[in-house]
Amino acid sequence: MRINASDSDVLDVAIIGAGLGGLCMAIRLRDAGITNVRIFEKSGGVGGTWYENTYPGAACDVPSHFYCFSFEPNPDWTRVYSPQPEILRYIEHCFDEYEVRSSVAHGREVIKLELDEAQAVWTVHFRDHEPVTARHVVNAGGGLHKPRWPDIPGRDTFAGNQLHTALWDRSVSLRDRRVAIVGSAASAIQVIPAIVDQVETLTVFQRTPNYIAPRHDGDYSALTRQLFRRLPWLARLYRWWLFTRLDTFIYPLVKQRWLRRFLAMRVNWNMRRSVDQQDHHKALTPDYELGCKRILISDDLYAAINRDHVTLVTDPITAIEPQGVKTGNATLHDCDALVFATGFDISGHFASIDVLGIDGVRLADLWADGEVGYNGCCVAGMPNYWMMSGPNTGVGTTSVIFMLEQITAYVAKLIASAGPGELLEVRQTVQDAYNQRLQKELEGTVWASGCDSWYLTDSDRITTLYPGSARRFRRQLKEPDLREFRHVALRGKH
């Protein structure tokens with residue numbers, strides 16, 4: 001992509017984040033003939049989540065051939081579920097293949113966005129650089145980059161190394177050390193098998209058990225990869241099968257209780273036959289409906305838990321002391337290194353940039369009772385401000401890249417429809433009606449079945465997840481209805 005303006009000029013579009021969303025948005029804009037675009041990235045590389053998250057065992061939980069762009073398939077995936085280094089290489093390949101890398105300005109952490117209604121431009125403020133202006137801003141900063149640290153008394157007093165899966169320090173060796181892992185969910189079940197052979201002892205602190213289904217991972221043979229290269233239609237057919245399997249057989253569990261109960265029986269049966277210590281079975285059995293929290297997948301977690309030097313602790317943590325972790329029964333679990341596998345601060349992601357829209361209203365104030373938007377990509381009161389992973393775009397039964405492709409195509413059409421000097425804003429009535437329908441439908445999903453999860457806000461509204469199927473989301477965003485938006489053109493402009 002060619003940049004037609006320097007940072008001091010008004011950009012047509014400023015994109016925040018050089019991950020998959022920012023990359024796809026830049027490609028879509030170029031296809032629409034919009035090239036005066038710049039991507040601002042806070043880190044020193046491209047890839048977003050897959051650049052930041054480098055903990056041992058990091059891998060995707062969506063099949064590789066569906067975790068890539070439909071317009072840039074990768075016949076050379078080596079595994080059914082790709083590890084982080086391979087995904088990062090794919091993303092870097094796409095930045096180069098589509099000539100987007102030159103659009104990226106690194107070391108640019110965006111801290112504030114201000115709308116100038118008189119000029120119909122946004123001012124983008126950075127932590128350590130001069131601001132720039134742009135007619136449109138696309139926030140493609142994903143939600144999986146801001147670590148969530150647990151509020152445990154004494155955490156700062158620990159004498160050993162502290163690591164977080166979202167901020168892994170590869171200079172710290174865990175070999176032959178006594179390691180404690182706080183957390184037992186998505187990142188923990190990848191770290192545990194990856195380090196179990198290195199450590200002297202491994203203590204896993206579990207607060208809530210998870211449903212963990214078999215991953216069924218494996219290598220793609222050289223012959224399979226060769227067939228995918230030589231017969232692109234075969235790779236497309238395989239991708240279609242993956243999409244259909246997820247949307248037809250996995251998505252229904254979101255709304256069908258009988259299916260959830262059946263699958264829960266299967267998952268728990270697999271756990272009981274895989275875990276040797278019978279006293280662990282009850283501790284590893286969830287007491288909520290399958291799907292209420294994220295369903296995890298692993299082929300090797302239970303084998304790691306069976307190891308003699310691994311201890312599973314379910315007593316609540318009460319404090320951290322210099323020598324280790326203290327639990328509710330006043331037991332001190334000695335360790336040399338603490339690993340926090342406690343996930344990401346999703347709400348912090350939404351609030352990480354101070355956004356001031358029409359009449360100086362703050363996005364944080366509009367979202368005081370929970371994040372709302374329209375089609376997951378725009379907000380009333382914030383014209384020409386677009387999001388790639390906005391409210392109610394999270395999915396558990398399809399690929400986030402599929403969702404990004406639909407959103408970027410939709411937003412690119414909206415941006416192309418707004419001429420210079422024109423503000424484009426979703427109507428408040430349209431947004432309100434959309435969210436009423438959305439929340440009513442979410443009430444009938446497993447996510448509202450009563451478990452304590454990060455899906456719920458303080459007001460018990462589900463602001464993160466989309467209740468429909470992938471097919472429905474594609475239909476929903478196929479073509480923007482411009483009647484749903486308010487066009488405000490400046491005087492003297494077109």
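**A walk through a predicted model**

Visitor: Is Pro252 buried or exposed, or something in between?
Guide: The relative accessible area of Pro252 is 23%. Buried means under 20%, exposed over 50%, and partly exposed in between (1.4 Å probe, protein chains only). By that rule, Pro252 is partly exposed.

Visitor: What kind of model is this?
Guide: Residues are numbered from 1 along each chain as its sequence is written, and side-chain values use heavy atoms, with hydrogens and water left out. Local features need pLDDT of at least 70, side-chain atom pairs count only at pLDDT 80 or more, totals for chains, interfaces and linings use all residues, and the model is predicted.

Visitor: Which residues does Pro252 contact, apart from its neighbours within four places in sequence?
Guide: Pro252 sits in the loop between H6 and H7. Contact means heavy atoms within 4.5 Å. With neighbours within four places set aside, the partners of Pro252 are Asp247 and Leu259.

Visitor: How far apart are the C-alpha atoms of Pro252 and Tyr302?
Guide: Along the chain, Pro252 and Tyr302 are 50 residues apart.

Visitor: Which side chain makes a polar contact with the side chain of Gln256?
Guide: Gln256 lies in the loop between helix H6 (232-250) and helix H7 (257-274). A polar contact is a pair of N or O atoms within 3.5 Å; within protein, one must be able to donate a hydrogen and the other to accept it, and residues adjacent in sequence count only if both atoms are side-chain atoms. At 3.4 Å, the side chain of Gln256 is joined to that of Trp258.

Visitor: How many helices and strands does the protein chain have?
Guide: Helices (H or I, at least four residues) and strands (E, at least two) are DSSP runs, numbered from the N terminus. The protein chain comes to 14 helices and 20 strands.

Visitor: What is the radius of gyration of the protein chain?
Guide: The radius is taken over C-alpha atoms, and the globule rule is 2.2 Å times the number of residues to the power 0.38. For 494 residues, a compact globule would come near 23 Å. The value for the protein chain agrees, at 23 Å.

Visitor: What share of the residues of the protein chain is buried?
Guide: The C-alpha atoms fill a box of roughly 75 × 55 × 45 Å, taken along the principal axes. The protein chain has 494 residues. The share that counts as buried is 54%.

Visitor: Why is helix H4 largely enclosed by the rest of the structure?
Guide: Helix H4 spans residues 188-195. Its buried residues include Ile189, Val191 and Ile192. Cover for the buried residues of H4 includes strand E8 (178-182), strand E9 (201-205) and helix H9 (301-305). H4 is largely enclosed because the number of its eight residues that are buried is seven.

Visitor: What is the relative accessible area of Ala120?
Guide: Ala120 lies in the loop between strand E4 (110-116) and strand E5 (121-126). Its phi is near 60°, a positive value in a residue other than glycine. Ala120 is buried, so its relative accessible area falls under the cut-off, at 3%.

Visitor: Is Asp176 buried or exposed?
Guide: Asp176 also has a positive phi, near 60°. Its place is the loop between strand E7 (161-164) and E8. With a relative accessible area of 54%, Asp176 is exposed.

Visitor: Which residues does Asp345 contact, leaving aside neighbours within four places in sequence?
Guide: Asp345 is in the loop between strand E16 (337-340) and helix H10 (346-351). It is partly exposed, at 26% relative accessibility. Beyond four places in sequence, Asp345 is in contact with Lys146, Pro147 and Arg148.
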